[in-house]
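This report goes through one protein chain, from its overall build down to single residues. Please keep the sequence and the structure in view while reading.

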Amino acid sequence: MSTQLTPDKAGGSFLQPEIETLPQEQIRELQLARLKEAAARVYPKVPFYRKSFDELGVKPEDIQSLEDVAKLPTTTKPDLRENYPFDMFAVPFEQIERVQSTSGTTGAPTTVAYTHEDVQFWGECTGRGLAMAGVKPGEILQNSYGYGLFTGGPGLDYGAVRLGCIVIPMSGGNTDRQIRMMMDLKPVALSCTPSYALHLAEVFRDRGIGPDEISLRVGIHGAEPWTNEMRAQVEAGLGETALDIYGLTEMGGPGVSIECLAQGGMHINEDHYYAEILDPVTLQPLPDGELGEIAFTTLRRQAQPLIRYRTRDLCTIIREPCACGRTFARMSKPIGRSDDMLIIRGVNVFPSQIEEVLVSIPQIEPHYQIVVDRVNYLDVIEVWVEVGEAIFAETMGDLERFQKMVQSKLYGVLNIKVDVKLKEPKSIRRSEGKAVRVIDKRK
Ligand code: DLL
């Protein structure tokens with residue numbers, strides 16, 4: 001039996017219109033009821049939460065309004081590491097269906113566990129995302145997020161199953177095979193990181209295949225920060241509408257929030273997640289519209305519920321109605337992570353600010369690397385940028401003038417001197433998953 005979809009007002013569809021268009025007041029009522037349940041679930045079952053609730057002198061019954069969430073303790077990545085691998089579980093092992101994990105490249109890995117129902121809810125969230133992107137039952141999704149411990153591959157896969165579309169479980173890498181499948185099976189949708197989407201676009205271009213010969217209509221790209229300038233390049237290169245998707249392992253993976261075809265921020269699945277923007281220093285909740293760190297409470301998860309998990313991602317919450325007709329609040333593209341912010345000679349620099357400048361210069365390819373070092377006690381920042389074939393063929397003097405121009409554009413935005421190093425076409429390593437943009441040698 002194929003899933004019945006209802007059109008939204010932006011060209012996509014609602015998977016569950018009765019939930020996705022619920023008036024904000026009713027969403028808040030639902031969230032309060034589920035927040036009370038979540039607090040009541042973790043307090044007796046997770047020793048870490050019993051201890052941290054007790055330390056603050058708060059009991060689950062103290063939650064009488066959504067604002068009372070501020071009385072509850074926050075949870076951080078180090079908390080999860082200390083309780084690795086099993087101590088955050090809130091159900092017996094017999095009820096757990098699977099675990100996924102972070103890569104652990106920056107420390108001990110953190111795991112997330114799912115009951116059968118948690119997995120169904122996960123598919124519901126990503127399935128809504130595919131529907132809002134306009135994918136229909138019977139159409140084909142090429143899923144090029146990594147399968148395995150990373151949540152990207154399985155997360156989108158469960159969404160495709162929920163929606164009833166056809167999934168090609170490509171996983172990441174093996175670009176030749178990706179291209180072959182895309183040309184042969186003609187998927188309408190592609191899911192992968194934005195940096196990998198750009199790489200695919202580049203390979204198509206090198207093989208003389210134009211965007212109009214590619215069957216893609218829509219791309220669902222996330223798992224790393226990317227700018228709207230980068231979005232424009234992906235759209236032009238692949239001939240698709242590129243949408244953003246956000247999530248993190250600790251919250252169960254992709255699908256915490258997803259963009260609709262109105263492309264004005266990502267709708268938070270508010271029936272599953274309660275979002276707050278916190279001041280990263282005082283940890284006080286900030287009003288809607290202000291930039292801060294987004295924290296989430298899982299409202300329905302059984303195996304490993306988390307209360308006020310501090311993501312470190314910096315963004316704003318948008319509550320104005322969206323053109324698509326969804327009532328779920330949206331979050332803006334994260335501008336970066338509070339722990340990714342580079343402090344160069346006292347000046348705060350986000351990699352996304354550098355990306356915005358670089359991608360706006362047509363002669364530069366959208367592949368770059370930021371290298372930070374300390375020389376004679378002074379921070380220095382180099383930005384390696386890859387130039388296109390045309391500019392690479394120019395004279396030394398022209399290249400020098402070009403380099404100065406890039407440098408001064410960066411100075412205009414960042415207010416610090418950046419050393420720009422021009423690199424040959426195709427010399428910067430392409431990513432197959434998440435791109436590593438910053439090498440900080442000071443650490
Ligand atoms: O990246 C889950 C995911 C898979 C999301 C596929 C979207 C698509 P982690 O590996 O745990 O999980 O990394 C989570 O990645 O805290 C953000 O810093 C960053 N991130 C994820 N999505 C976005 C996005 C997956 N759309 C961390 N924009 C998060 C910016 C993102 N940053």
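Accessible areas are computed here with the Shrake-Rupley method and a 1.4 Å probe, and for residues only the protein chains shown count as cover. On that basis the chain exposes about 19,100 Å², and carbon and sulfur atoms supply 53% of this area.

The model is predicted, so local features need pLDDT of at least 70 and side-chain atom pairs count only at pLDDT 80 or more, while totals for chains, interfaces and linings use all residues. Residues are numbered from 1 along each chain as its sequence is written, and side-chain values use heavy atoms, with hydrogens and water left out.

## The chain as a whole

The chain holds 12 helices and 23 strands. Both kinds of element are DSSP runs numbered from the N terminus: helices are H or I runs of at least four residues, and strands are E runs of at least two. Along its principal axes, the C-alpha trace spans about 70 × 60 × 40 Å.

How does the radius of gyration of the chain agree with that of a compact globule? For 443 residues such a globule would have a value near 22 Å, and the chain has 22 Å, which agrees. The radius is taken over C-alpha atoms, and the globule rule is 2.2 Å times the number of residues to the power 0.38.

A residue is called buried under 20% relative accessible area, exposed over 50%, and partly exposed in between (1.4 Å probe, protein chains only). Buried residues make up 54% of the 443 residues.

Contact means heavy atoms within 4.5 Å. Among contacts between residues at least 6 apart in sequence, 66% join residues at least 24 apart.

The chain carries 49 positive and 61 negative side chains. Lys and Arg count as positive and Asp and Glu as negative, with His and the chain ends not counted. Each charge is placed at NZ of Lys, CZ of Arg, CG of Asp or CD of Glu. The centres of the two sets lie 2 Å apart.

## Two domains

The chain is divided into domain 1, made of 6-24 and 112-337, and domain 2, which covers 342-440. The contact between them takes 24 residues from domain 1 and 17 residues from domain 2. Their C-alpha centres lie 28 Å apart. The bounds come from an automatic or database domain assignment.

## Backbone details

Where does Pro85 lie? Pro85 is in the loop between α4 (77-82) and β3 (96-101). The peptide bond that joins Tyr84 and Pro85 is cis, with omega about 0°.

Gln263 sits in the loop between β10 (253-259) and β11 (266-268). Lys426 belongs to the loop between β22 (419-423) and β23 (438-440). Gln263 is partly exposed, with a relative accessible area of 28%; Lys426 is also partly exposed, at 45%.

## Residues and their surroundings

The table gives C-alpha to C-alpha separations for some residue pairs.

| Pair | Apart in sequence | Apart in space |
|---|---|---|
| Ser101 and Gly252 | 151 residues | 9.4 Å |
| Leu5 and Gly134 | 129 residues | 9.9 Å |
| Cys315 and Leu278 | 37 residues | 10.0 Å |
| Ala393 and Pro137 | 256 residues | 49 Å |

Ser101 is part of strand β3 and counts as buried because its relative accessibility is 8%. Leaving out residues up to four places away in sequence, Ser101 touches Pro109, Thr110, Thr111, Leu149, Phe150 and Thr249.

Leu5 lies in the segment before β1 (6-7). Beyond four places in sequence, the contacts of Leu5 include Ser13, Phe14, Leu15, Ala131 and Leu163.

Is Cys315 buried or exposed? At 0% relative accessibility, Cys315 counts as buried. Cys315 is in strand β14, residues 309-315. Its contacts, apart from neighbours within four places in sequence, include Ile277, Glu290, Leu291, Met331 and Pro334.

Ala393 is placed in the loop between α11 (389-392) and α12 (396-414). Ala393 counts as exposed because its relative accessibility is 69%.
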